[in-house]
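Here's a quick briefing on a ligand site and a helix pair. Have a look at the model first, then read on.

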Amino acid sequence: MQSVSTHIEGDVLVVLVNNPPVNALSWHVRQGLKDGFEQGLADPAIKAIVLRCEGQTFIAGADITEFGKPPQGPDFASVLNQMETASKPIIAAIHGTALGGGLETALCCHYRIAVPSAKLGVPEVKLGLLPGGGGTQRLPRVVGIEQAAVMCSLGEPISAKKALETGLVDALAQENDLAGDALRFARDMIAKGPRPTRDRPVTGDIGIVEKLKAENGRKWKGFDAPYANLRCVEAAAAHANIDDGLKVEREEFLKLMAGSQSAAQRHMFFAERQAAKIDGLPKDTSLREIRKVGVIGAGTMGGGITMNFLATGIPVTIVEMQQDALDRGVGIIRKNYEASAAKGRFTQEKVEQMMGLLTPSLSLDDLAECDLIIEAIYENMDVKKEVFGKLDRIVKQGAILASNTSYLDVNEIASATARPQDVLGMHFFSPANVMKLLEVVRGDKTAPDALATAMAIGKKIGKIAVVAGVCHGFIGNRMLSKRQAPANALLMEGALPEQVDKVFTDFGMPMGPFQMSDLAGLDIGWHRDPSKVETLRDALCAAGRFGQKNGKGFYDYDEKRNRTPSAEANAIIEDFRARSNMPKRDISDQEIIERCIYPMVNEGYLILEEGKAQRASDIDVVWVYGYGWPVYRGGPMFWGDLEGAGKIVSALEKQGIKVADSLKAKA
Ligand code: 3HC
């Protein structure tokens, strides 16, 4: 099959791209475009050329799978140049998503027409890149500096309607007749002739650049690409001759392409899509229908989980044991929605619509007709088994029974029912209405269609779902546990919480282990006897330091929960260390990484060896979307490869840690 074909419609040549799934600019597409335009330009009977795409979308970008490979076919810049300088008007006819190199191609057409549902953007920044096909120079010439700076640095696409307002498209086509409208529009443009973007002046106020930096400084911390994008937009403003700006863009693009951030972000792009695939699933697996959901527990997790379904338009019955707890849970859901409505995220009417889908109940019997039930009560095996035993007697056959457990054995939970094939884990991350990750835990007896349905419903409610096997803590928490023990040990050897946490936040994580402990609460699992002080945690709890909840833990907190290092906590740490006869020594930042992060990487390899994750990239997805591992470092497995297996193995062996065979094999 040819990925680019042409056909003649009277005096117009239509160049048609057909390169499923997203019409990316693979080398053969570039070749086909070059040949197609050459044909149109050489034929005296042709007066205008329309560029259109088959399938679900206009060109959605460069072919990312070609990055880093030896180049083939004509280079992108020469194809773009051929189009922009053509002697006959070229019209881009846009549907679906004109993204990245796709929009850059459209910008080298002389006119653009789009259907109302189309979206246009330059998302390269999300891949750690910038629009390297002239997008940073041509967008400012078409939509002005302000809009171009926003689009390049944030990467969000705009609607066709907005594109019309900003001049990015010249006309809207009928939704169901782009082909016809594009032809008519092209004929209208014959008299006007070509309008090369490169000849248009740059307009607008460059002050937007500093404004964007100030507004997004926190979000962009650690990232190179947003700043590189803005430097290119500045170059567009500074140089009247586009070729000078294009030179700057080229240099900045090549720097980003050569760096590890873009490699990591591209890895995550594919990792995220790969995670949805379930290895070994029978081809004929069909999904179960989920029309009604039940959630057991109206606490923080249960409430957050419920919000995801309501927001997707799926009715939820939420069950609690006591009326006051039920009222509190439902009240918090409403409060959260109203807070979002107050911020303008949706209307009050939408709040009522979502709340109208919620049925509060005090009885598990009300879950009988649900298609999916998610248990979100506290972590106690006996209680969970009792609940699942009851569900087994109450709920209709074929329903999926899920537990939101974060550590417990899903097989044992399933054994409390006579239908283990319908039982699995759906582990959400707190706050469950915000965090993107969902670990779907596959029990030994979980049926393929139950698993596939849980993965699909996860996607439907906006999560990135990853399959995990049954083991203590599954993928994420199992790895997390490997950093807490050494972090505690480091305090005993002379580090302070703020020093350890800073290494993590400098690394790009949202918080370090001690900030996380304070957030979770230091008194969780504490024996509540202040006279019994066996661990550092006991010592802090004995002094009434329970974490963020009472304003003091490893840190002191003000009423806005801002944290400052605590002289009292640090004195307790010093005192506990001295009483344990531990000598104090200087601890380097590098040692903190080697002691806390290397063991996590090792645990990732063990998880893979045991088959508890399907692939290394799934582990990266878990850490980026569940724990805020910086996407520009690509997750612990990708990062481990960059850091070097040899270096990691020798550091782990020095610490006396048993190293995974597969990690050793890489060293
Ligand atoms: N190159 C290669 N493959 C791509 C691709 C691309 N640009 N975009 C998507 N794909 C692949 C996906 O990996 C996926 O493959 P799979 O089926 O084997 O998993 C398949 O196409 C379908 O993708 P999605 O599952 O994401 O499909 P959706 O329909 O949900 O979304 C989309 C479609 C909105 C186009 C989305 O795929 C997307 O955002 N793609 C990336 C767009 C982008 O970043 N473009 C810029 C590329 S960089 C560039 O152009 C550089 C230039 O400036 C020089």
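A polar contact here is a pair of N or O atoms within 3.5 Å; within protein, one must be able to donate a hydrogen and the other to accept it, and residues adjacent in sequence count only if both atoms are side-chain atoms. This is a predicted model, where local features need pLDDT of at least 70 and side-chain atom pairs count only at pLDDT 80 or more, while totals for chains, interfaces and linings use all residues. Numbering starts from 1 along each chain as its sequence is written, and side-chain values use heavy atoms, with hydrogens and water left out.

**Ligand contacts**
- A polar backbone atom of Gly132 sits 3.1 Å from a ligand oxygen atom.
- Arg273 puts a polar side-chain atom 2.6 Å from an oxygen atom of the ligand, and Lys277 also has one at 2.6 Å from a ligand oxygen.
- On its own the ligand exposes 1,000 Å², of which the protein buries 72% (Shrake-Rupley method, 1.4 Å probe).

**The shell**
- There are 24 residues around the ligand (a heavy atom within 4 Å), and Ala62, Glu104, Glu124, Arg273 and Lys277 come nearest.
- H11 gives the most to this shell, with three residues (helices are DSSP runs of H or I, at least four residues, numbered from the N terminus).

**H2 against H3**
- Helix H2 (residues 76–84) packs on H3 at about 30°, with the axes 8 Å apart (lines fitted to C-alpha atoms over the stretch in contact, angles from 0 to 180 degrees between N-to-C directions).
- The two helices are therefore roughly parallel (angles under 35 degrees).

Conventions: Angles under 35 degrees count as roughly parallel, over 145 as roughly antiparallel, 65 to 115 as roughly perpendicular and the rest as oblique.
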